[in-house]
Amino acid sequence: MHSLVGVLLKDAPEEKLDTEVTVYPIKLIYPGNQSRVYYLTTAKQRDEWVAAIKKVIGYNNLQDYYKLGKALGKGKFGLVKEAIHIKTGKTVAVKIIQKE
């Protein structure tokens with residue numbers, strides 16, 4: 001059993017173990033930079049687990065709230081894109097900055 005306080009969820013691509021078996025991983029990064037990868041047998045199972053984990057840890061993503069559109073500009077620290085709020089339809093500019 002693990003506490004999910006401070007846990008980050010990382011996307012991981014599907015993996016082929018051999019010609020017939022494909023697994024669908026979920027990578028969780030715990031505080032202290034320790035990570036665990038959990039494997040599921042179907043993409044549907046993975047998507048259900050990801051949704052449940054996101055709900056528990058309070059995970060929010062920009063794409064959960066906005067539909068990103070065309071690029072408006074690029075600067076030294078990031079990219080500015082047009083975005084439309086999914087619920088209200090309001091158009092805004094969003095600056096996307098790499099955390100690194």
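Analyst: The questions below concern a predicted model, and each reply sets a value against its cut-off.

User: Why is R46 called buried?

Analyst: The relative accessible area of R46 is 18%. Buried means under 20%, so R46 with its 18% counts as buried. R46 is found in helix 1, which covers residues 43-57.

User: Which residues are in contact with R46, leaving aside its neighbours within four places in sequence?

Analyst: They are A12, E14, Y24, P25, I26 and L40. Contact here requires heavy atoms within 4.5 Å.

User: What makes the pair R46 and D47 a salt bridge?

Analyst: The closest N and O atoms of R46 and D47 are 3.7 Å apart. The cut-off is a side-chain nitrogen of Lys or Arg within 4 Å of a carboxyl oxygen of Asp or Glu; the pair R46 and D47, at 3.7 Å, therefore qualifies. A search of the whole structure finds one salt bridge.

User: Is D47 buried, exposed or partly exposed, and why?

Analyst: D47 has a relative accessible area of 45%. Partly exposed lies between the limits of under 20% for buried and over 50% for exposed, so D47 at 45% is partly exposed.

User: How do you know that strand 3 pairs with strand 4?

Analyst: Pairing requires at least two bridges between the strands. Seven bridges join strand 3 to strand 4 (residues 34-40), so the two strands pair. They run antiparallel, and Y24 has L40 in strand 4 as its bridge partner. Strand 3 and strand 4 form a hairpin with three residues between them, and G32 in the turn has a positive phi of about 90°.

User: What makes strand 1 and strand 2 partners of strand 3?

Analyst: The cut-off of at least two bridges applies here also. Three bridges join strand 1 (residues 8-10) to strand 3 in an antiparallel arrangement, with K10 opposite K27. Strand 2 (residues 15-16) is joined to strand 3 by two bridges, also antiparallel, and E15 has V23 as its bridge partner. Strand 2 and strand 3 form a hairpin with five residues between them.

User: Why is strand 3 described as mostly covered?

Analyst: Strand 3 spans residues 22-30, and eight of its nine residues are buried. Buried means under 20% relative accessible area, so eight of the nine residues fall under that limit.

How values were computed. Residues numbered from 1 in each chain as written. Predicted model: local features only at pLDDT ≥ 70, side-chain atom pairs only at ≥ 80, totals over all residues. Heavy atoms only, no water. Helix = DSSP H or I, 4+ residues; strand = E, 2+ residues; numbered from the N terminus. Buried < 20%, exposed > 50% of the residue type's maximum accessible area, 1.4 Å probe, protein only.
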